[in-house]
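Biologist: I am new to this structure. Please take me through how to read its features.

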Amino acid sequence: MRLLIAFMWLLHWLPLPILGRFGVAVGSLLFIAMPARRKIALTNLRLCMPELTEKQRVALARQHFQAYSRSVWERSILWWSSEARLNRLIKKVPAFPGQQIAAKPTILLCPHFVCLDVAGAATAMEISASSMYVQQKNAAFDQALRNGRSRFKPPKLFTRQDGIKTILRALRDGLPYFMLPDMDFGEKDAEFVPFFGVPAATLTATARLALAAKAQVIPVIATFLPNYQGWQVTYYPAWDDYPGDDITAATRRMNEFIEERVREAPAEYFWTHKRFKTRPEGEASFYNQHK
């Protein structure tokens with residue numbers, strides 16, 4: 001792992017068009033070499049995009065592997081390049097909403113698109129924030145990841161064991177919470193709400209935090225700019241009347257927003273995650289089918 005990290009450090013000196021194309025090439029190989037992950041991606045795409053032909057879904061899954069690989073290797077730029085270079089490569093649309101964030105407690109909602117670390121870096125160059133952090137199994141990679149995410153304004157990192165009270169305290173102290181809301185962590189603190197029409201165990205924490213902290217929710221999504229020019233980080237308007245008085249409806253609204261963004265950049269969503277792993281009682285797993 002230390003050799004891999006050293007290799008990534010060397011790669012950050014490359015021009016982005018060369019590094020990006022290298023990432024695409026590696027992703028094409030991984031699509032062939034990782035059949036288990038390929039199966040997960042194709043299962044998700046069959047569930048979420050039944051209107052596509054199987055040939056189209058295979059092509060989209062391949063593009064996803066390419067995009068995901070790109071994001072991993074391009075992370076070297078986020079970790080080691082100068083702030084001036086990052087500002088040249090990251091296009092913020094619109095300008096960073098610093099005054100709006102400073103005005104009241106803020107949840108920055110960042111769904112799992114492959115460039116989410118770009119959204120984190122773009123935000124960290126402007127303000128300190130807090131976020132949930134899962135410790136990596138490899139100590140060297142864990143340290144590199146922490147250093148990379150902490151090189152600008154220092155963040156405050158929580159674990160799932162810290163609980164919601166520590167996050168609420170940080171929000172009330174004026175520290176925005178960078179929230180990744182769309183992974184399947186089981187039935188605890190989650191409800192089954194539709195995601196592309198399929199019931200998905202979805203954390204209700206976004207709505208509950210917004211309600212408890214009287215926080216605004218500002219979605220932020222990073223995507224690739226065309227022709228290896230860099231990345232675009234879009235800060236969406238704060239959601240009006242969120243969460244309201246119905247937590248389930250608010251969670252459904254969040255999933256609907258994510259669906260809309262996925263359709264705009266379908267290859268860049270994190271399809272290799274078992275988004276539908278947890279099933280309602282009595283339903284069989286989608287991922288154990290022999291297909």
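Biologist: Is Arg-261 buried or exposed?

Modeller: Buried means under 20% relative accessible area, exposed over 50%, and partly exposed in between, with a 1.4 Å probe and protein chains only. Arg-261 has 11% relative accessibility, so Arg-261 counts as buried. This is a predicted model, where local features need pLDDT of at least 70, side-chain atom pairs count only at pLDDT 80 or more, and totals for chains, interfaces and linings use all residues. Residues are numbered from 1 along each chain as its sequence is written, and side-chain values use heavy atoms, with hydrogens and water left out.

Biologist: Which side chains meet that of Arg-261 in a salt bridge?

Modeller: A salt bridge is a side-chain nitrogen of Lys or Arg within 4 Å of a carboxyl oxygen of Asp or Glu. Arg-261 meets Glu-260 at 3.5 Å, N to O, and Glu-264 at 2.8 Å, N to O. Glu-260 is partly exposed at 46% relative accessibility, whereas Glu-264 is exposed at 52%. Both Glu-264 and Arg-261 belong to helix α11 (residues 247–264), where they sit three residues apart, about one turn of the helix. Helices here are DSSP runs of H or I with at least four residues, and strands are runs of E with at least two, numbered from the N terminus.

Biologist: How many salt bridges does the structure hold?

Modeller: There are 11. One of them joins the side chains of Glu-283 and Arg-279 at 3.2 Å, N to O. Glu-283 is partly exposed, at 40% relative accessible area, and Arg-279 is buried at 8%. Shared partners also link Arg-46, Glu-54 and Arg-57 into one network of salt bridges.

Biologist: How many disulfides are there?

Modeller: A disulfide is a covalent bond between the sulfur atoms of two cysteines. The test used is a pair of cysteine sulfur atoms within 2.5 Å. The structure holds zero. For Cys-48, the nearest cysteine sulfur is that of Cys-110, 19 Å away. Cys-48 is buried, at 2% relative accessibility. Cys-115 is in no disulfide either, with the sulfur of Cys-110 nearest at 10.0 Å; Cys-115 is buried at 3%.

Biologist: Which residues touch the most other members of the largest nonpolar core?

Modeller: A nonpolar core is a set of buried Ala, Val, Leu, Ile, Met, Phe, Trp, Tyr and Cys residues joined through side-chain atoms within 4.5 Å. The largest has 47 residues, and those touching the most other members include Met-49, Trp-271 and Phe-276. A second, separate core of 42 residues includes Trp-73 and Phe-152.
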